[in-house]
Amino acid sequence: MQALLRAYREHGLPFFEGVTLAPYTTLRVGGPARCLVTPKDYQQACLAVDLAFKVGVPVFFLGGGSNLLVRDGGMPGVVVDLKGLNQLRYLGKGLVEAEAGVSLGALLRFCHQKGLSGLEFLAGVPATVGGIVRMNAGAFGYEVKDLLQEVTVWHGGQVETLRAPDLKFVYRCWGGPSGALILKALFLFRPLPPEDIEERLRYFLGRRRDRQPVGEATAGCIFKNPEGIAAGFLLDKIGLKGFTHGRAHFSRKHANFIVTKKGAKAEDVLFLIDKAKEEVMRAFGIELREEVVVVGEA
Ligand SMILES: Cc1cc2nc3c(=O)[nH]c(=O)nc-3n(C[C@H](O)[C@H](O)[C@H](O)COP(=O)(O)OP(=O)(O)OC[C@H]3O[C@@H](n4cnc5c(N)ncnc54)[C@H](O)[C@@H]3O)c2cc1C
């Protein structure tokens with residue numbers, strides 16, 4: 001690690017040691033990153049991962065932190081915060097190129113102004129472009145993969161552009177190479193008058209507000225939906241709505257959301273996850289799988 005930090009200094013890469021990751025996640029829990037590197041642009045991001053790759057230090061990619069549960073012991077390697085990769089370009093004919101760190105909000109505003117429709121179903125989700133591609137984010141029957149044309153990645157020391165149809169996207173996961181850094185994505189939107197886009201944005205935001213604990217510290221749905229049934233329905237049936245451990249609880253509005261309060265620990269959330277898995281298995285014989293990405297050391 002010391003050799004890598006020296007190399008980061010020599011190349012002028014901005015980094016911080018021992019940064020608590022809780023404020024970088026929407027669940028607001030989690031321990032420190034040994035090193036948090038904050039590249040300012042695409043070139044610096046490639047350099048940061050190249051240097052780590054050369055010395056064999058593990059890297060983790062951080063987007064909006066909206067689907068992340070970092071354990072209390074934190075992250076031993078390098079965490080690459082991608083929010084500096086924030087360039088957006090309209091290429092014409094409905095095609096928009098967005099770098100990985102562009103926030104979903106910025107992308108939706110850009111598309112709204114240009115009269116480009118397609119991603120409104122994710123309005124209100126505090127994610128980045130890299131995160132929605134990596135997770136194949138979806139809602140209300142739509143998925144990110146349906147709009148994707150290409151993804152440019154850094155993988156094993158090389159940068160390459162992958163065609164979206166060649167990637168085997170599945171429910172809440174892309175099919176790209178494991179360990180790849182998503183650098184930018186090319187989306188194809190359809191033309192729609194801005195006032196109609198605004199109506200769609202309002203419609204989807206309204207549906208979210210009706211069903212989800214908007215404005216609280218959560219990571220969206222904690223579990224994936226098992227085949228043919230909603231995880232939230234199962235959790236509600238066994239009476240977990242409102243169930244609390246420490247400073248975390250299952251939302252009373254939507255049982256598949258865990259909400260944390262100030263002072264919560266990752267341990268509180270992990271306890272609730274284990275409890276839900278055990279009880280759903282006991283009651284229905286169904287194995288729940290986490291949608292939230294759990295990382296770090298206990
Ligand atoms: C209020 C709320 C509502 C939500 N609603 C939805 C919803 O409707 N549908 C849905 O699918 N999800 C939803 N989520 C979950 C979350 O927003 C999505 O999973 C989103 O795609 C995560 O994006 P992110 O940028 O925050 O990624 P992060 O949480 O930072 O990371 C998630 C994973 O993606 C990886 N990653 C991030 N960026 C990159 C990159 N550039 N290259 C490679 N890997 C990368 C990370 O390493 C990690 O494994 C919601 C979350 C919240 C808090």
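Visitor: Which residues is E99 in contact with, leaving aside neighbours within four places in sequence?
Guide: E99 is in contact with Y42, L85, N86, Q87, V129, L183 and K184. Contact means heavy atoms within 4.5 Å.

Visitor: What kind of model is this?
Guide: This is a predicted model: local features need pLDDT of at least 70, and side-chain atom pairs count only at pLDDT 80 or more, while totals for chains, interfaces and linings use all residues. Residues are numbered from 1 along each chain as its sequence is written, and side-chain values use heavy atoms, leaving out hydrogens and water.

Visitor: Back to E99. Which strand is E99 in?
Guide: Strand β7. Helices (H or I, at least four residues) and strands (E, at least two) are DSSP runs, numbered from the N terminus.

Visitor: Is E99 buried or exposed?
Guide: E99 is buried, yet has no salt bridge. Buried means under 20% relative accessible area, exposed over 50%, and partly exposed in between (1.4 Å probe, protein chains only). A salt bridge needs a side-chain nitrogen of Lys or Arg within 4 Å of a carboxyl oxygen of Asp or Glu.

Visitor: How far is the nearest side chain of opposite charge?
Guide: That is K184, 6.5 Å away. Lys and Arg count as positive, Asp and Glu as negative; His and the chain ends are not counted.

Visitor: New topic. Which residues touch the most other members of the largest nonpolar core?
Guide: L119, V133 and F187, out of 38 residues. Such a core is a set of buried Ala, Val, Leu, Ile, Met, Phe, Trp, Tyr and Cys residues joined through side-chain atoms within 4.5 Å.

Visitor: Which element gives the most to this core?
Guide: α3, with five residues.

Visitor: And what does F187 touch?
Guide: Not counting residues up to four places away in sequence, its partners include L95, V96, L107, I132 and V133.

Visitor: Why does S117 count as buried?
Guide: Because its relative accessibility is 1%. S117 is found in strand β8 (residues 116-117).

Visitor: What does the side chain of S117 make a polar contact with?
Guide: The side chain of E120, at 2.8 Å. A polar contact is a pair of N or O atoms within 3.5 Å; within protein, one must be able to donate a hydrogen and the other to accept it, and residues adjacent in sequence count only if both atoms are side-chain atoms.

Visitor: How many residues surround the ligand?
Guide: 34, and among the closest are F61 and T128. A polar side-chain atom of T128 lies 2.6 Å from a ligand oxygen atom. A residue counts as near if one of its heavy atoms lies within 4 Å.
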